Every structure is written in C-alpha cells, then in structure tokens.
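Have the sequence and the 3D view open side by side.

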Amino acid sequence: MSEPLDMPDFHTLRAVSGWIELGNLAEAELELGRIPVRRRQQPDVLEAEWLLAAARRDWARALTVAERLVSLAPDRANAWIHSAYSARRTESGGLTYARLILLQALDRFPDESVIPYNLACYAAQLGELDDARRWLETARQRGGSAMIQDMALADEDLLPLRAEIRRWKTKKR
C-alpha cells in the first residue's frame, strides 16, 4: 500500500485537474509526475491519472488505471464507471465488456444512477431496446426522472429511443 497523501499532494492533484480542464495535458502530466512514486497508487492519484488518460483518449492506459482503481478502491462507483467507459473504447473491449463491468457494480451501488444509465446506453447501442428501456427506468428511479431525461435527450447512444424519451412525463425539480 502507498503512503497517504499530504497537503502538497492534494494541491498538486487540484493542479492536475485544473490543467486538464484548461486542455493543457502536458502541464497536467508534469504536475502528476511531481507526486512521489510511493503515493502514486492512492485512489485519488489514480483518479487523476485516469482523467489525464481519458482526456488524451488513451483508452488502453485509461482502462489499466481504472482496473487498478477498482482493485484498490472497489467501494468507489467512479472506479467501476471509469473502467467500463474505458473498456468500451478499447480495441480489445467494447460494449459487451463494458456491460459486464457495470453489471458487477450494479448491486454494490444501489443509489447510483449512472450505472443503469450507462447500461441503457450499451443496450441501445447493441440493439436491445427493451433492455435499454428497463435500464433507463432504473436510472430514473435512482437519479430522478427530469435529470435522466435531460441526459438521455442529449446522448447519441440513446438516439433509437429519443422520441420515447421526449414523451416522458417528468416533474419539475
């Protein structure tokens, strides 16, 4: 196990995130490199490393980092979500592999709406529209109907269901 992060490391992680948000991935990588090796396996550091790999669209690296994050911090929903998101985009992964990852996480995080939402996206892309509808309903129950509707209407993965989604009855927040 690695050493816990100290305040300078937390500030460095904030700088990494800031550089990523600004689109300066070279500076983000330089900042990430300032974190001592003995602390590089901390979940927060791995999360930053995943964000950098994803911003670079280096999905093989992102998947490796996310899988490590899942093994070190299986109680973090984002670890599983990142793993599936990366797996979907790797040459060796794809929708089926991404779905398997999220199905393992589904019951671990009964309040997390992103997991069933992403499962709906994968099902829709695989042409399994009845499954996609069921997953969207689960996501709506977990995350709120209006929020899920807003996300779904903007999501190209759910294009086959867009007309149905527009007709959902939602309560104003």
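## Charged pairs and packing

At 53% relative accessibility, Glu-156 counts as exposed, where exposed means over 50% relative accessible area, buried under 20%, and partly exposed in between (1.4 Å probe, protein chains only). What you're looking at is a predicted model, in which local features need pLDDT of at least 70 and side-chain atom pairs count only at pLDDT 80 or more, while totals for chains, interfaces and linings use all residues. Residues are numbered from 1 along each chain as its sequence is written, and side-chain values use heavy atoms, with hydrogens and water left out.

Which residue pairs with Glu-156 in a salt bridge? That's Arg-162, with the closest N and O atoms 3.9 Å apart. A salt bridge here is a side-chain nitrogen of Lys or Arg within 4 Å of a carboxyl oxygen of Asp or Glu.

| Pair | N to O distance |
|---|---|
| Arg-39 and Asp-9 | 2.9 Å |
| Arg-76 and Asp-44 | 2.8 Å |
| Arg-162 and Glu-156 | 3.9 Å |

Take Arg-39 and Asp-9, whose side chains meet in a salt bridge. This pair ties together distant parts of the chain, 30 residues apart: Arg-39 sits in the loop between helix H2 (25-33) and H3, and Asp-9 in helix H1 (residues 7-22). Helices are DSSP runs (H or I, at least four residues), numbered from the N terminus. Arg-39 counts as buried because its relative accessibility is 8%, and Asp-9 is buried too, at 5%. Asp-6 joins Asp-9 and Arg-39 in a network of salt bridges.

Now for Arg-76, which forms a salt bridge with Asp-44. This one also links distant parts of the chain: Arg-76 is in the loop between H4 and H5, Asp-44 is in helix H3, and 32 residues separate them. Arg-76 counts as partly exposed at 26% relative accessibility, and so does Asp-44 at 30%.

Is Ala-66 buried or exposed? Buried, because its relative accessibility is 0%. Ala-66 belongs to helix H4 (residues 59-72). Leaving out residues up to four places away in sequence, Ala-66 touches Trp-50, Ala-79, His-82 and Ser-83, a contact being heavy atoms within 4.5 Å.

Leu-136 touches Tyr-117, Ala-120, Ile-148, Leu-158, Leu-161, Ile-165 and Trp-168, not counting residues up to four places away in sequence.

Finally, back to the surface. Tyr-97, Leu-100 and Leu-103 form a nonpolar patch there, with about 260 Å² of accessible area together. Leu-100 lies in helix H6 (residues 95-105) and counts as partly exposed, at 48% relative accessibility.

Key: Patches are made of residues with over 30% relative accessible area and no salt bridge: like charges are joined within 9 Å, nonpolar side chains (Val, Leu, Ile, Met, Phe, Trp, Tyr) within 5 Å. Accessible areas come from the Shrake-Rupley method with a 1.4 Å probe; for residues, only the protein chains shown count as cover. Helices (H or I, at least four residues) and strands (E, at least two) are DSSP runs, numbered from the N terminus.
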